[in-house]
Amino acid sequence: MNPGMEGTSPHTLVVLPAYQEERSIGPLVRSLRERFLYDVLVVNDGSTDGTSDAAREAGAIVLDLPCNLGIGGAVQTGFHYARDRGYDVVVRIDGDGQHEIEDIPKVLEPILTGRADAAIGSRFLGEAGYRGSIPRIFGIRFFRLLVNVTTGYRVTDPTSGFFAINRPLIEFYSHHYPSDYPEVDAYILMHRLKSRAVEVPVRMYERAEGKSSITTYRAVYYMVKVTLSYLINCLRRFA
Amino acid sequence: MSRVTILSIVASAALLLYILEMVRRRKLREEYSILWLFGSVVILVLSLKKNWLDSLAHALGIVYPPSFLFLVGILFILLILIHFSIAISKLHMMNKKMAQEIAMLKNQQGPQADH
C-alpha cells in the first residue's frame, strides 16, 4: 500500500449521510477530493437547506432522498449504491466534519490488507482524547458492555459512525441495516456473519455546525430502542 | 331483553353493515376488514343468543354476562390494533425502500434533474 495516493484500487466509496449540513458539507467534500482519489457520495437525507447543491458543487455524487429516513436509512442508501456500482470498500463518515479525514487511510488499512471485514474508528483508543457529556459517556459504557457480553467483540467506541467495510458486508447491509442509531445494532449483524471487526484509533471533534442527532432528551429513547432491537436481533434469522 | 343487550345488538349490527358497505365501496380493503367483520359477528351472535352468552360467561366465572361482551369487544380491538401496528411497520419498510430507489433513479437521470 502506498499511503500517499490511496483510492484507485480497490474501488472505494466514501459515504457521507447529511441532513441540513449546507455549511459543513461543501468544505468537507472539497477536502476529501483534494486529499484522496476515492469517489465521494453524499446521501442527502431530505434536507430542506442547500445541502444537496453544496455537495454537488464540491464534486460529490449526490443522492437526494425524497423524505427524511433517519441516519440508518440514509447510510443504507449509500451501501445500496455501492453494491449496485460494484464498489469493493465503503468508508462511512459523518457529514458534519466530526471525523478527521486524515484518519481515513488508518480505517481502510485493515480492510485493504484483508485483516478485517469491518474496521471501526474509535475515539477512545490511543492518544485521541475525547470528552463528552455525562449521559453520552454513560451510554457508551452501557453499549460497550452490551456488545462485549453478547458478541464477544471488544469494543471501546460502540456508537462510532466512522468505519470501513468490505464487499460482503456492503451486500449484507444493503439488505439489512437498522433505521435509526444503527452502529450498535450493526455489531450483532457482524457477529451473525462471523465478520472480523477491528477498532482503530481516530480523532473526532465536537460539531462545528448544525445540531447533533443525539440530544440528552433523546438519550433515553436511544438506549431503550437500541437495547430492544439489539436483543431482538439476537433472536432473528438472516437469509 | 335488557337494554344493554339491545344496545349491543344494534351497535354490532350497525358496525357489521357499515364495514360491509365500506368494503363494497372499496374504501376498506378486504384484508383489513376480516377482523372487524369477525369481531362484530361474534358480538352480534352473543347478543342475540342470550343463553350462549350466559353459559360462556358462567364457564369463565363472570357474574354479569354482558360484561363478557365488553371483554370480547376489547380483545378484538386489541387484535385489530396489533394488526395495524404490523401493517404500519410494513408500510414503513416499503416507504424506505421506495425513497432509496427514488434517490438512485434521480441520480441516474442526471444531477440537474432535481425538480
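Q: Which element supplies the largest share of the lining of the largest cavity?
A: In this predicted model, the largest share comes from H7(A), which gives four residues to the lining. H7 spans residues 182–192 of chain A, and strand E5 (118–122) and strand E6 (163–166) of chain A also supply at least two residues each.

Q: What makes a residue part of the lining of the largest cavity, and which residues are they?
A: A residue counts as lining if it has an atom within 4 Å of a point of the cavity. Those that line the largest cavity are Ala118(A), Ile120(A), Asp157(A), Pro158(A), Ser160(A), Phe163(A), Ile165(A), Tyr173(A), Glu183(A), Ala186(A), Tyr187(A) and Met190(A). By class, this lining has nine nonpolar, one polar and two charged residues.

Q: Why is this space called a cavity, and what is its volume?
A: The name applies because a 1.4 Å probe fits there but cannot get out. The largest cavity has a volume of about 80 Å³, and a search of the whole structure finds three cavities of 30 Å³ or more.

Q: What makes the second largest pocket a pocket rather than a cavity, and what surrounds its centre?
A: A pocket is an open set of points, whereas a cavity is a set from which the probe cannot get out, so the term pocket is used for the open case. The second largest pocket has a volume of about 860 Å³. Of its 27 lining residues, the closest to its centre are Tyr177(A), Pro178(A), Ser179(A), Arg236(A) and Lys96(B). H4(B) provides the largest share of this lining, with seven residues, and by class the lining divides into seven nonpolar, 11 polar and nine charged residues.

Q: Why is Ser8(B) called buried?
A: Buried means under 20% relative accessible area, and Ser8(B) has a relative accessibility of 12%, so it counts as buried. Ser8(B) is found in helix H1 (residues 3–24) of chain B. Not counting residues up to four places away in sequence, Ser8(B) touches Ser47(B) and Leu69(B).

Q: How do you know that the side chains of Ser8(B) and Ser47(B) make a polar contact?
A: A polar contact needs a pair of N or O atoms within 3.5 Å, one able to donate a hydrogen and the other to accept it. The contact between these two side chains is listed at 2.6 Å, a value within that cut-off, and therefore it meets the distance condition.

Q: Why is Lys194(A) called exposed?
A: Exposed means over 50% relative accessible area, and Lys194(A) has 70%, so the term applies. Lys194(A) has its place in the loop between H7 and strand E7 (197–201) of chain A.

Definitions and conventions:
Residues are numbered from 1 along each chain as its sequence is written. Chains are lettered from A and ligands numbered from 1 in the order in which they are written. Side-chain values use heavy atoms; hydrogens and water are left out. On a 1 Å grid over the protein atoms alone, a cavity is a set of points where a 1.4 Å probe fits but cannot get out, and a pocket is an open set with protein on both sides within 12 Å along at least five of seven lines; lining residues have an atom within 4 Å of a point. Grid points are joined across faces, edges and corners, and a volume is the space filled by probe spheres set on the points. Ala, Val, Leu, Ile, Met, Phe, Trp, Tyr, Cys and Pro count as nonpolar, Asp, Glu, Lys and Arg as charged, and the others, Gly among them, as polar. Buried means under 20% relative accessible area, exposed over 50%, partly exposed in between (1.4 Å probe, protein chains only). Contact means heavy atoms within 4.5 Å.
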